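Morning, everyone. Let me put one structure on the screen and walk you through it.

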Amino acid sequence: MTQAEIKLCSLLLQEHFGEIVEKIGTHLIKTGSQPLRVIANDTGMSLDQVKKALCVLIQHNLVTYQLQKRGFVEYEAPCSRVLRILRYPRYIYTAKTLYSDMGELIVEELLLNGKMTMSAAVQKVANRLTETMEDGKTMDYGEVSNTFVRLADTHFIQRCPMAPETTETSDAPPPPAPTLAVNEKDMYVVPNLNLIGKGKRRRSFDDEDNGEHKAKRQKQDADSEEPPPDDGIYWQANIDRFHQHFRDQAIVSAVANRMDQTSSEIVRTMLRMSEITTSSNAPYTQPLSSNEIFRSLPAGYNIVKQILDQYLTLLADDPLEFVGKSGDSGGGMYVINLHKALATLATATLESIVQERFGSRCARIFRLLLRKKHLEQKQVEDFAMIPAKEAKDMLYKMLSENFVSLQEIPKTPDHAPSRTFYLYTVNTLSSARMLLHRCYKSVANLIERRQYETKENKRLLEKSQRVEAILASMQATGAEEVQLQEIEEMITAPERQQLENLKRNVNKIDASENQVDETIFVLQSYIESTVRKL
């Protein structure tokens with residue numbers, strides 16, 4: 001774990017959960033697993049504060065705990081889980097793309113709350129959708145419930161592990177920490193709930209008279225209500241499934257750029273057919289026959305069987321080896337080589353970065369080393385057709401930035417330079433790790449810049465929010481246009497310009513964060529798959 005990762009985790013925790021949670025989370029990331037009292041002692045915080053911070057982190061799946069043999073519980077914050085916070089906007093946008101606004105809000109609520117019951121999530125989403133609809137229209141719980149079921153069926157959400165049921169007659173004391181477990185068969189089974197009702201709007205300001213009495217009455221109603229039928233069955237977003245979707249999208253996009261739209265649609269169909277049957281870390285998809293692929297192609301895609309076979313043969317013969325042939329039964333059995341695809345995507349990312357950073361000639365040398373594996377300086381000059389002085393400068397430039405490495409092969413034990421071969425090579429794995437480290441530093445810098453921008457304009461932002469709140473309340477009471485205009489003029493023209501500049505800068509920073517995260521995802525996936533293979 002690098003300092004850049006720790007710093008980024010610290011910034012993400014502070015931005016989303018505040019200073020206390022950030023202090024506890026960062027301490028656990030730095031030190032590894034620790035018991036409760038040691039955390040409190042090391043951080044100088046009270047036990048109550050540490051407990052509450054750990055509750056928040058456990059609720060959001062950012063901290064795990066383990067019961068040790070000696071009877072105490074140790075808490076651990078895996079850095080990889082905290083870094084996922086960076087990708088939350090992509091998870092939400094993916095759900096919106098696949099399952100419209102309802103899917104987006106369900107995933108958003110699960111990510112914001114960490115864990116939720118189905119009934120609570122459906123009710124909250126229905127209320128939020130109702131507030132955005134025209135007066136007189138409401139969102140039915142049944143529609144939201146159907147989208148929830150579809151998300152579970154495609155494994156984008158899953159049940160949380162549960163504590164085993166204990167009998168009240170047992171005399172044995174309860175364990176210091178429950179052992180959570182989940183039955184794989186039930187992980188995506190949605191409880192059969194008959195959710196009847198419609199979304200409700202928030203009460204307007206006029207209805208808030210006697211608020212204290214209403215709050216008491218609501219509390220009494222809540223106490224008298226029976227627990228929901230799915231009480232104790234909590235759901236969470238399945239992050240691995242989202243990552244699998246991102247990987248599949250990257251592969252489809254690469255095939256479309258390499259060949260054509262039809263090829264990418266065939267690959268997309270193969271990935272869709274095996275998305276639930278193939279685990280997220282498998283090297284290959286399940287073998288699929290040509291006949292199965294033909295039957296599963298989208299209805300509007302008019303491809304005859306003969307053309308499909310030609311495309312599959314072309315994909316299998318392509319040097320990139322994204323698609324491989326594993327047998328001849330059923331018109332030919334085909335698989336997608338997922339590890340090979342990730343390696344190709346990571347290599348392409350490295351090539352593009354070398355080209356942007358050092359120019360097209362350096363990129364030519366870099367591609368040459370990738371293809372030939374090991375070359376002496378003279379061979380690089382000859383193969384790349386670049387003058388000796390320029391080739392030497394370019395190689396040393398890439399060597400100093402760790403994109404290229406130098407391997408010594410001595411002919412004699414004394415390592416004399418005159419009797420030693422010096423071979424240039426590209427270690428893709430170490431280059432990917434180096435680049436990943438730089439990406440983490442970039443994102444941390446972007447977050448700090450955004451925080452600086454908002455801090456510098458804090459007074460103006462607060463004034464803008466106050467004006468907007470006054471405008472909203474006056475519009476609700478039916479104020480005249482002249483009065484509204486007077487309120488709007490409280491923000492001067494230069495202040496409006498400043499707000500526009502701030503909004504534009506923050507949007508650029510957010511877009512940059514998402515773009516860097518795409519690179520992080522490709523490099524992370526490649527490193528994980530390569531390490532697993534080794």
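First, a term. Helices (H or I, at least four residues) and strands (E, at least two) are DSSP runs, numbered from the N terminus. By that count, the protein chain has 21 helices and 11 strands.

Before going on, the ground rules. This is a predicted model: local features need pLDDT of at least 70, side-chain atom pairs count only at pLDDT 80 or more, and totals for chains, interfaces and linings use all residues. Residues are numbered from 1 along each chain as its sequence is written, and side-chain values use heavy atoms, leaving out hydrogens and water.

Now the overall picture. The C-alpha trace spans about 90 × 65 × 60 Å along its principal axes. How much of the protein chain is buried? Buried means under 20% relative accessible area, exposed over 50%, and partly exposed in between, with a 1.4 Å probe and protein chains only. Of the 534 residues, 41% are buried. Next, contact, which means heavy atoms within 4.5 Å. Take the contacts between residues at least 6 apart in sequence: 65% of them join residues at least 24 apart.

Two stretches carry names from UniProt. Positions are in the numbering used here, feature names are shortened, and annotations may be inferred rather than shown by experiment. Residues 7-65 are listed, in an unreviewed entry, as "domain: RNA polymerase III subunit RPC82-related helix-turn-helix". That stretch is 76% helix and 7% strand, with its end C-alpha atoms 23 Å apart. Residues 350-426 are annotated, again from an unreviewed entry, as "domain: DNA-directed RNA polymerase III subunit RPC3 winged-helix". Here the chain is 56% helix and 16% strand, and the end C-alpha atoms are 10 Å apart.

Let's zoom in. Thr43 lies in helix 3, residues 36-43. At 9% relative accessibility, Thr43 is buried. Its side chain reaches the backbone oxygen of Ile39 at 2.7 Å. Leaving out residues up to four places away in sequence, Thr43 touches Lys23, Ile24, His27 and Val50.

On to a helix pair. At what angle do helix 6 and helix 8 pack? Axes are lines fitted to C-alpha atoms, for helices over the stretch in contact, and angles run from 0 to 180 degrees between N-to-C directions. Helix 6 (residues 88-113) and helix 8 (residues 141-153) pack at about 85°, with axes 9 Å apart. They are therefore roughly perpendicular, a label for angles of 65 to 115 degrees. Helix 6 brings Leu98, Tyr99, Met102, Gly103, Ile106 and Val107 to the contact, while helix 8 brings Glu143, Val144, Thr147, Phe148, Arg150 and Leu151.

Asn238 sits in the loop between strand 6 (234-237) and helix 10 (239-258). Asn238 counts as buried, because its relative accessibility is 8%. A polar contact is a pair of N or O atoms within 3.5 Å; within protein, one must be able to donate a hydrogen and the other to accept it, and residues adjacent in sequence count only if both atoms are side-chain atoms. The Asn238 side chain makes one with the side chain of Gln158 at 3.5 Å, and another with that of Tyr188 at 3.3 Å.

Arg241 is in helix 10. It is buried too, at 4%. Beyond its neighbours within four places in sequence, Arg241 contacts Thr154, His155, Phe156 and Glu275. Arg241 and Thr154 are 87 residues apart in sequence, yet 8.7 Å apart in space, C-alpha to C-alpha.

That's the tour. Thanks.

Definitions and conventions: Angles under 35 degrees count as roughly parallel, over 145 as roughly antiparallel, 65 to 115 as roughly perpendicular and the rest as oblique.
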